[in-house]
Amino acid sequence: MFMGSVPHPVSFPRADDGFGFAWNWEGQRFTPVYEARVKYIFNAISLFPDWTAAIEFEGSEDGEVIVAYHNELGFWRYLIPIEDPSTHEWVDEMIAKDKAFGVTCEGPDTEATVFIQGMPYPRDGLMAYLDEFFKEALQVHEQ
């Protein structure tokens, strides 16, 4: 996939794509814990109706990243450098804060569920991060 195209569906756990790894460590791409983290982020993004998650830069020197695509306006934003091991602790802390508050993103959004922007969530969790990120992305795009 290249930036500018519409994101392709991703199913979890993903199959090894044959590209190399930016880092070799016990939590690298395609391990169960890594895939669970990426799936959780994808599910969280799906709760924002105008955005779709995708993975870019697989097999690159800097590692794969999670990007977000605005469905209506057709633009991408670089979201989380997920293959970077230093990012995992930060992402896991945000997910834990959401879960401790009762927010969960274990399953993708469906027609039976609606994300309400006013739903309560902790200010330092993943949902707050995504909400702020998407607001800023729209402001930058409008400029």
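Modeller: In this predicted model, a network of salt bridges links Arg14, Asp17, Arg29, Glu35, Glu64 and Glu83. The model is read with local features at pLDDT of at least 70, side-chain atom pairs at pLDDT 80 or more, and totals for chains, interfaces and linings over all residues. Residues are numbered from 1 along each chain as its sequence is written, and side-chain values use heavy atoms, with hydrogens and water left out.

Colleague: What is a salt bridge, and to how many does the count come?

Modeller: Side chains of opposite charge can pair when their charged atoms come close. The rule asks for a side-chain nitrogen of Lys or Arg within 4 Å of a carboxyl oxygen of Asp or Glu. By this rule the count comes to eight.

Colleague: With which residue does Asp17 form a salt bridge?

Modeller: Asp17 pairs with Arg29, and their closest N and O atoms are 2.9 Å apart. Both residues lie in the segment before H1, so the pair ties together parts that are twelve residues apart in sequence. Helices (H or I, at least four residues) and strands (E, at least two) are DSSP runs, numbered from the N terminus.

Colleague: Is Arg29 buried or exposed?

Modeller: Buried means under 20% relative accessible area, exposed over 50%, and partly exposed in between, with a 1.4 Å probe and protein chains only. Arg29 is buried, at 2%, whereas Asp17 is partly exposed, at 30%. Arg29 also meets Glu83 in a salt bridge (3.8 Å, N to O). Glu83 lies in the loop between E3 and H2 and Arg29 in the segment before H1, so this pair ties together parts that are 54 residues apart in sequence. Glu83 and Arg29 are both buried.

Colleague: Which residue pairs with Asp92?

Modeller: Arg37 does, with the closest N and O atoms 2.8 Å apart. The pair links helix H2, which holds Asp92, to helix H1, which holds Arg37, 55 residues apart. Asp92 is partly exposed, with a relative accessible area of 33%; Arg37 counts as buried at 8%.

Colleague: Which residues touch the most other members of the largest nonpolar core?

Modeller: A nonpolar core is a set of buried Ala, Val, Leu, Ile, Met, Phe, Trp, Tyr and Cys residues joined through side-chain atoms within 4.5 Å. The largest core has 31 residues, and Ile45 and Ile66 touch the most other members. Elements giving two or more residues to this core include helix H1 (32–46) and strand E2 (65–70). A second, separate core of five residues includes Ala54, Val67, Tyr69 and Trp76.
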